[in-house]
Amino acid sequence: MDILTRKKFEELINSEEEWCISIYMPTCRMGPDIKQNPIRYKQCIREAEDKLFNMGLSKSEVGSILLSASDLIDETTFWQNQTEGLAIFITPEEMNYYHLPFEVKEQVVISDKFYTKPLLPLFTADGQFYILALSKNEVRLFKASRQTVKEIVMENAPRSMEDMKIDDDPRTKLQIRTANPVSNSSLGYNTASQGQAVENDFEKNELTRYFRAIDESLNKLHKGEEIPLVLAGVEYLIPVYKEISRYPNILDEFIKGNPEILYGNDLQKMAWEIIEPKFLKIQELAEAKYNQFSGQRNGLSSNSLKKILSQAYNGQIETLFIANGAHQWGQFNPDTNKIDFYEDEKVGNEDLMERAATLTISRGGTVYVVDPDKVPDGGIVAAVLRY
């Protein structure tokens, strides 16, 4: 599995097994350093083995849990096709991995839940969006973020308008005649106008069929996720697609011109210029809301991690701000609402900052991972409450 959707992310944060192994590592995408990818990964596997041994597992038990993960070491093609970072999640039953568009700190975490905090930037202000490049000759879909772009295959979608051809061509059957006066005493027929009208009708009908087939494939792919969609194409095509599309979140602005001459990286940069203000505006509005509620002292804001954890568990968090790189180790028991804080990480502890974030996301809230000096009220965590 390569593309990490919000749905998949929520599945990760809701997973709970006796052994959940989370591996994060920076990777090289090109150059001589690409040879370091499997070497670094092998070191992570050894670290996971050591941690499992220290937790009391036997050699055979450790080997069984890490079998599929160990097999990945020798997959040369896999290691030659990386991005900036890699996340791997292992249980005794399965393994999933995701390429990341940003570098991550190398770490191996073993618990009864997956460690997902490094993934949070994917679902904040530099989160994911689609780019749909439309032309008569080809259609391409990309999933992108602030840092990266990857082309996505749309199953059953036409590759071009040529794929939509039909044998029964209405241009050879329709007999539209447009009356046009040619003199005061006679009435002739403008056959040029007639032919143009038929041609235009046929073109519009075929374009509509083409776009509907594309849109059907796109809507099956996104499976209810309202990831923003940026369109790219010559100006007269865009309104035709918007008119027939059932996609729930198409941006008004689009990339103008023929996308056939643009690479994915070019489209990503142009799309980010369109979409970045949208992401940032939403975050700014959330910050203003927090400051307003905090000033009013109306109980709809909080900067206490202890209070926020309880509120997140109960689904009360609308927006959560957490400081990038900040940790608070401890234990949270939602049944008793008991929270213990510890200075250091140890077996049985969890990062309570991550727990607050994952609880918020799993209950429909929004999380922003920001620079420490950007957290409202100057702490390491702040939240806007729903009620």
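How many bridges join strand S14 (residues 329-333) to strand S15 (residues 338-342)? Five bridges join these two strands, which run antiparallel.

## Basis of the description

The structure is a predicted model, in which local features need pLDDT of at least 70 and side-chain atom pairs count only at pLDDT 80 or more, while totals for chains, interfaces and linings use all residues. Residues are numbered from 1 along each chain as its sequence is written, and side-chain values use heavy atoms, with hydrogens and water left out.

## The hairpin and its neighbour

The strands named here are DSSP runs (E, at least two residues), and helices are likewise DSSP runs (H or I, at least four residues), both numbered from the N terminus; two strands are taken to pair if DSSP finds at least two bridges between them.

Strands of a sheet pair through backbone hydrogen bonds, either parallel or antiparallel. Four strands of this model form an open sheet in the order S3-S2-S1-S4, with antiparallel pairing. Strand S3 (95-100) and strand S4 (107-111) stand at the edges with a single partner strand each, so one side of each is left without a neighbour in the sheet. Neighbouring strands of the sheet are turned by 10° against each other on average, direction ignored; for such angles, axes are lines fitted to C-alpha atoms, for helices over the stretch in contact, and the values run from 0 to 180 degrees between N-to-C directions.

Within the sheet, strand S1 (residues 20-26) and strand S2 (residues 85-90) run antiparallel and are joined by six bridges, and Ile23 has Ile88 of S2 as its bridge partner. Helix H2 (residues 36-54) packs on the sheet and touches S1, S2, S3 and S4, its direction making about 150° with that of S1; contact here means heavy atoms within 4.5 Å.

## Salt bridges

The count comes to 14 salt bridges, where a salt bridge is a side-chain nitrogen of Lys or Arg within 4 Å of a carboxyl oxygen of Asp or Glu. One of them joins the side chains of Glu11 and Lys8, at 3.6 Å from N to O, and both residues lie in helix H1 (residues 6-14), three residues apart, about one turn of the helix. Glu11 counts as partly exposed because its relative accessibility is 39%, and Lys8 is partly exposed at 28%, given that buried means under 20% relative accessible area, exposed over 50%, and partly exposed in between (1.4 Å probe, protein chains only).

Asp163 forms a salt bridge with Arg159, with the closest N and O atoms 3.3 Å apart; Asp163 is partly exposed at 36%, whereas Arg159 counts as exposed at 64%. A further salt bridge links Arg355 with Glu350, the closest N and O atoms being 2.8 Å apart, and here both Arg355 and Glu350 are buried. Glu350 has its place in strand S16 and counts as buried because its relative accessibility is 17%. Leaving aside residues up to four places away in sequence, Glu350 touches Gln328, Trp329, Gly330, Gln331, Phe332 and Arg355.
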